[in-house]
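Please walk me through this protein model.

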Amino acid sequence: MQETLFTNISADRGIHEYIAEAISACDQTDRPELYANIVIAGGSTCFAGFEERLEAELREYVAENVSAQAARQCHVIWKRNRKYSAWQGASLMQDMAGFWKDHYPDIKRELQRRYPKHAWR
């Protein structure tokens with residue numbers, strides 16, 4: 001496990017603290033869904049036990065600094081192929097015209113279902 005992701009040598013914050021602070025900066029009504037849907041991607045998240053450690057550290061930090069209820073909502077989502085997630089997203093987006101025509105309608109429907117308050121175009 002890459003310990004510096006959770007305890008920075010320069011006495012800065014760990015990744016779990018940055019996540020909690022980012023969520024805390026969002027609208028209060030959106031926070032429960034954000035805590036429940038923390039998605040990790042990229043090669044740095046592939047260390048053995050990373051997802052479990054992140055969820056545990058995040059729950060502990062949120063319980064101490066936000067609320068016990070928010071801590072219970074914390075859930076880290078990951079896929080086995082997350083090492084390639086950035087590449088897959090970039091390859092999908094490289095054809096912007098095709099993305100808007102072929103992929104965005106499906107993505108938009110899902111987002112509209114999950115975030116009905118947002119004004120979707």
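Arg113 is exposed, with a relative accessible area of 57%. Exposed means over 50% relative accessible area, buried means under 20%, and partly exposed lies in between, for a 1.4 Å probe and protein chains only. Glu110 is partly exposed at 35%. These two residues form a salt bridge, with the closest N and O atoms 2.6 Å apart. A salt bridge here is a side-chain nitrogen of Lys or Arg within 4 Å of a carboxyl oxygen of Asp or Glu. Both partners lie in helix H6 (residues 96-114), 3 residues apart, about one turn of the helix. An α-helix has 3.6 residues a turn, so residues three or four places apart point the same way.

This is a predicted model: local features need pLDDT of at least 70, side-chain atom pairs count only at pLDDT 80 or more, and totals for chains, interfaces and linings use all residues. Residues are numbered from 1 along each chain as its sequence is written, and side-chain values use heavy atoms, without hydrogens and water.

## Salt bridges

The whole structure has 5 salt bridges. The table shows some of them.

| Pair | N to O distance |
|---|---|
| Glu110 and Arg113 | 2.6 Å |
| Lys101 and Asp102 | 3.6 Å |
| Arg59 and Glu55 | 3.7 Å |

Arg59 and Glu55 both sit in helix H3, 4 residues apart, about one turn of the helix. Arg59 counts as partly exposed, at 33% relative accessibility. Lys101 is exposed at 65%.

## The chain as a whole

The chain contains 6 helices and 2 strands. Both kinds are DSSP runs numbered from the N terminus: helices are H or I with at least four residues, strands are E with at least two. From the N terminus on, the order is α-α-β-α-α-β-α-α. The C-alpha atoms fill a box of roughly 45 × 30 × 25 Å along the principal axes. The chain has 121 residues, and 22% of them count as buried. Residues 24 or more positions apart account for 58% of them.

## One side of H1

Which residues of helix H1 (residues 15-24) are buried? They are His16, Glu17, Ile19, Ala20 and Ile23. They lie on the same side of H1, because they cover an arc of only 160 degrees around the axis. That arc is taken from the directions from the helix axis to the C-beta atoms. Their cover includes helix H2 (31-36), strand E1 (38-39) and helix H3 (50-65).

Leaving aside neighbours within four places in sequence, Ile19 touches Ile38, Leu54 and Leu58.

## The nonpolar core

A nonpolar core is a set of buried Ala, Val, Leu, Ile, Met, Phe, Trp, Tyr and Cys residues joined through side-chain atoms within 4.5 Å. The largest one has 15 residues. Those with the most contacts inside it are Ile19, Tyr35, Ile38, Leu54, Leu58 and Val62. H1, H3 and helix H4 (68-73) each give two or more residues to this core. H3 supplies the largest share, 5 residues.

Helix H3 also holds Glu51. Glu51 is buried, with a relative accessible area of 11%. Apart from neighbours within four places in sequence, Glu51 is in contact with Ile40, Thr45, Val76, Trp78 and Arg82.

## Aromatic rings

There are 3 aromatic pairs in the structure. Phe99 and Tyr104 form a tilted pair, 6.2 Å centre to centre, with 55 degrees between the planes. Rings of Phe, Tyr and Trp (its six-membered ring) pair if their centres lie within 6.5 Å; planes under 30 degrees apart count as stacked, over 60 as edge-to-face and the rest as tilted. Phe99 and Tyr104 are both buried. Ring pairs join Phe99, Trp100 and Tyr104 into a cluster.

## Cysteines

How many disulfides does the structure hold? It holds 0 disulfides, a disulfide being a pair of cysteine sulfur atoms within 2.5 Å. Cys26 is partly exposed, with a relative accessible area of 32%. Cys46 is also partly exposed, at 34%.

How values were computed. Contact means heavy atoms within 4.5 Å.
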